[in-house]
Protein chains: 2
Amino acid sequence: MKSIEKSANIGVDLGGTNLRAALVDRRGKILDVRTARVPAEGRAISNELASRCRSLVHAAADLGLDVRAVGLGVAGKIDRAEGSVIFSPNLPSLNGFPLGRDLGRELGVPVVMENDANAFGLGEGWTGAARGIRNWVGITLGTGTGGCLFLNGKLWEGDGLGFSGEIGHMIVEPGGPACPCGSKGCLETFASARALVSGARRAISLQEEDSPLRTLEGRGKLNAETIYECASMGDPTALGLFRKMGWALGICLAGVFSLLGIRFAVVGGGVSASWDLFSETLNKTLAQNASMLGPGSAVVARSSLGGDAALIGAARLCRKRG
Amino acid sequence: MKSIEKSANIGVDLGGTNLRAALVDRRGKILDVRTARVPAEGRAISNELASRCRSLVHAAADLGLDVRAVGLGVAGKIDRAEGSVIFSPNLPSLNGFPLGRDLGRELGVPVVMENDANAFGLGEGWTGAARGIRNWVGITLGTGTGGCLFLNGKLWEGDGLGFSGEIGHMIVEPGGPACPCGSKGCLETFASARALVSGARRAISLQEEDSPLRTLEGRGKLNAETIYECASMGDPTALGLFRKMGWALGICLAGVFSLLGIRFAVVGGGVSASWDLFSETLNKTLAQNASMLGPGSAVVARSSLGGDAALIGAARLCRKRG
């Protein structure tokens, strides 16, 4: 048996479109990465994952490292004890599929599963923007809006109902835009890639004249990136969507801070690349509405690990539970 | 020294108008109570309190009981270490006053202080509606809206910023009615005695004809109790205010449950006497908006200790920290 210093773990970030697997050392440093498209079918996903992980096990051996466990971050509701996905909106073929158990049998090492937003938080808390912070909330701005909560330095899991930290489904504007969750005006309907596209479509439908957003929509190219480009070039409608995102994040975080008596948040996910377009409104709204906090005491930091946060956090899972 | 079975504590509920002090046994049973009007000046409040407590110490001695400590619940921001009130909106003469230290010196026993909403929660968690529940949120509907949070069976104190569980200042309707805290549309602006009166005044100003509420206002008798009576007699405007209260509580609790992954709340305080007028709307709104919870899994219970919750909770403080 090799010494613990000679060991590493594999962290996997399984998204709706791409999967990434990384060999991560005991200090949270990524040593090697594998990527692949996600196949349509559950069994094929499991095989693809196993193949990438085996490749990393070989890479580890070449470095004189022993892979101890695999941590798996997946968007959706996870049954950790069973190692299966209960419900994943972006990977419907995995619903009920024993992905973790399968993969563990295939690789011969323990596999630990976690919700992807929680994996993001475990990464940021380990080597990222929340390092050393005991109480904080994490928000991932992606297709939807994910969240996680850390209390007393630990991932908060609530009553064990299969969800926690779901800040994306806190209601910011009652009666606001419809959310896939069934409610209206959730944070997710203002602060996600989907919200930007829906918001742009609503604005286009009210515009009488041509506009850059309408042109994009006509060409089938309306998405978060192109809306960001429009806003960066000064289009007021596109800019308004990012300001609304900042406003909604500010209202929501003010409530979270008042409820929990805390003052720290980390924002990540793909859409956080538009930080310069929403952070000013976020901080202004937060200062106006977090009435219990002294001026300037709230801190909303940008993810420092970017797209690697969930990978590193998934590897961290192995040390926590594996 | 008497055995621990022969000991009791004193719990004090210090409100803006009245103070109550109770002798509470080790099982949370109230053995005797003293009440008094609250004097205007800090020193006079301290003397009045000391006098009621001494009377309870004598009553305890007659029962063969030894008073070990005094727990003091006060509305406002408390400095527990100093035993002083940092800021109390309803008892301004106490701001900065070393009430706990003074009283401790006077009585010769330890005095522990706590925010009154937290005292309410400690009471309900000990012998009331939240007994045996590990994770829950408490709401007190009084002049304003107080809150407390219990996680893993303990009062959650956040980052130690002097507040926590301030659900009353979570924003329910951005841009809504102005709140004394400086924000707009906080839960407190819909779910408190003050909210009922302000809401009634807004409604009256829009009414063209006479109404029961306008008559009350003209006689200087518009308050939470008289609005409740109007509603009970079927006045649609008054009924609407209670439904709006239930709606705001439902929106807010849905967010708290999504964020924390929990499903239990207790509602108390004087205004919770109007339970029959707001609980149906509360439960309906909660079911519609707590999208992560399964149907019917959220539980919002009514305080079972009523006006005694903060008294009993204040006595519980002595066992926790005294």
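Helices (H or I, at least four residues) and strands (E, at least two) are DSSP runs, numbered from the N terminus. By that convention, B:Ala301 belongs to strand 12 (residues 299-302) of chain B. The model is predicted: local features need pLDDT of at least 70, side-chain atom pairs count only at pLDDT 80 or more, and totals for chains, interfaces and linings use all residues. Residues are numbered from 1 along each chain as its sequence is written, chains are lettered from A and ligands numbered from 1 in the order in which they are written, and side-chain values use heavy atoms, with hydrogens and water left out.

**Strand residues**

- B:Ala301 has a relative accessible area of 17% and is therefore buried; buried means under 20% relative accessible area, exposed over 50%, and partly exposed in between (1.4 Å probe, protein chains only).
- Leaving aside neighbours within four places in sequence, B:Ala301 is in contact (heavy atoms within 4.5 Å) with B:Ala129, B:Phe264, B:Ala265, B:Val266, B:Val267 and B:Trp275.
- From C-alpha to C-alpha, B:Ala301 and B:Ala195 are 22 Å apart in space and 106 residues apart in sequence.
- In chain A, A:Val112 lies in strand 7 (residues 111-115), and its relative accessible area of 12% makes it buried.
- A:Val112 and A:Pro212 are 100 residues apart along the chain, and 46 Å separates their C-alpha atoms.

**Helix 3 of chain B**

- Helix 3 of chain B (residues 116-127) has twelve residues and reaches 17 Å from its first C-alpha to its last, close to the 16 Å expected at 1.5 Å a residue; the expected span is 1.5 Å times one less than the number of residues.
- Nine of the twelve residues of helix 3 of chain B are buried, so the helix is largely enclosed by the rest of the structure.
- Those buried residues are B:Ala117, B:Asn118, B:Ala119, B:Phe120, B:Gly121, B:Leu122, B:Gly123, B:Glu124 and B:Trp126.
- Where helix 3 of chain B starts, a side-chain oxygen of B:Asn115 comes to within 2.8 Å of the backbone nitrogen of B:Ala117.

- In chain B, the axes of helix 4 (residues 193-206) and helix 7 (residues 236-260) come within 10 Å and cross at roughly 135°; axes are lines fitted to C-alpha atoms, for helices over the stretch in contact, and angles run from 0 to 180 degrees between N-to-C directions.
- Helix 4 of chain B is therefore oblique to helix 7 of chain B, given that angles under 35 degrees count as roughly parallel, over 145 as roughly antiparallel, 65 to 115 as roughly perpendicular and the rest as oblique.
- This contact is made by B:Leu196, B:Gly199, B:Ala200 and B:Ala203 of helix 4 of chain B and by B:Thr237, B:Leu241, B:Phe242 and B:Met245 of helix 7 of chain B.
- The crossing of helix 4 and helix 7 of chain B is right-handed; a crossing is left-handed if the near helix is turned anticlockwise from the far one by less than a right angle, and right-handed if clockwise.
- In chain A, the axes of helix 7 (residues 236-260) and helix 8 (residues 275-289) come within 7 Å and cross at roughly 35°, and this crossing is right-handed.
- Among the residues of helix 7 of chain A that meet helix 8 of chain A are A:Leu239, A:Phe242, A:Met245 and A:Phe257, and those of helix 8 include A:Leu277, A:Phe278 and A:Leu282.

**Loop residues and polar contacts**

- A:Ser303 is found in the loop between strand 12 (299-302) and helix 9 (309-320) of chain A, and its 12% relative accessibility means that it counts as buried.
- The side chains of A:Ser303 and A:Glu124 make a polar contact (2.6 Å); the term denotes a pair of N or O atoms within 3.5 Å, where within protein one must be able to donate a hydrogen and the other to accept it, and residues adjacent in sequence count only if both atoms are side-chain atoms.
- Not counting residues up to four places away in sequence, A:Ser303 touches A:Phe120, A:Glu124, A:Ala129, A:Val266, A:Val267 and A:Gly268.
- B:Gln207 lies in the loop between helix 4 and helix 5 (212-218) of chain B, where its side chain makes a polar contact with the side chain of B:Ser211 (2.8 Å).
- A further polar contact, of 3.3 Å, joins the side chains of B:Gln207 and B:Thr237.

**Positive phi values**

- A:Asn152 is not a glycine, yet has a positive phi of about 50°; A:Asn152 lies in the loop between strand 9 (145-151) and strand 10 (154-155) of chain A.
- At 43% relative accessibility, A:Asn152 counts as partly exposed.
- In chain B, phi of B:Asn152 is positive and near 50°, and the residue is partly exposed, with a relative accessible area of 43%.
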